[in-house]
Amino acid sequence: MATVSAILEGVAQVLESDGFEKMTTTRVAERAGTSVGTLYQYFPSKEALLVAVVEARMAQIDLALSVIFELPATAPLVEHVRVMITALITEKRRRPRLNAELARQVPRLEQRKLIARTLDRAQGMVRSLLDAHPDETSVDDTDLAAWLVVHAVNGMVDGALLGDPGRLEDPRLAEAIIAHVLGALGMPPPRATPRIRA
């Protein structure tokens, strides 16, 4: 629905410019080009607006990660790892100020398990990949390995967003994360992993 899309875009813009604490429904309605009354027909509170934006972002991340299914099943695991990490960084790089603000709001959202559900789905993807490529890793417990990989990668990417979003533009970051994941899985590093200089 066009009105809901406009409201969610208004929320995203206000989160980018003001952050959640300073966000008001009046400001969102102004950005969305609608009235506060219309906004309240769809969303009862500013917390509900935040939840709706997070749900939309999580759906976009799920879609971005699904690119791994475009690879043939016979592709080596290292290619799946590369595609998945590159897709995540590319998606998080879109609207970095919005993504950083959403990352700051994770504690507020924890009771709804919105972020946790997306991480669980990503963990399932990684576990399936590990199960499909048992001879390419030295992993004994694919469930634990998938959990560690997903949370480590998410933490590194969100750490860049919160600290220095420009780092996401540096291809060396993706290469370093890929090398980290391959190392955790007991796999050899990519052929030419550039060094990151301080």
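Select L148 to begin: with 46% relative accessibility, L148 counts as partly exposed, a class that lies between buried (under 20% relative accessible area) and exposed (over 50%), with a 1.4 Å probe and protein chains only. This residue, L148, sits in helix α9; helices are DSSP runs (H or I, at least four residues) numbered from the N terminus.

The model is predicted: local features need pLDDT of at least 70, side-chain atom pairs count only at pLDDT 80 or more, and totals for chains, interfaces and linings use all residues. Residues are numbered from 1 along each chain as its sequence is written, and side-chain values use heavy atoms, with hydrogens and water left out.

Next, move to the largest pocket, whose volume is about 420 Å³. A pocket is an open set of points on a 1 Å grid over the protein atoms alone, where a 1.4 Å probe fits, with protein on both sides within 12 Å along at least five of seven lines; lining residues have an atom within 4 Å of a point. Select L88, L119, A122, V150 and N154, the closest to the centre of this pocket among its 28 lining residues. Then show α4 (46-65), α5 (77-93), α6 (96-104), α8 (114-132) and α9 (142-163), which each supply at least two residues of that lining. Helix α8 gives the largest share, 7 residues.

Finally, turn to the second largest pocket, with about 190 Å³ of space. Select S5, L8, E9, A12, V53, A56, R57, Q60, R94, R95 and L98, which line the second largest pocket. Here α1 (2-18) and α4 each supply at least two lining residues.

Methods:
Points joined across faces, edges and corners; volume = space filled by probe spheres on them.
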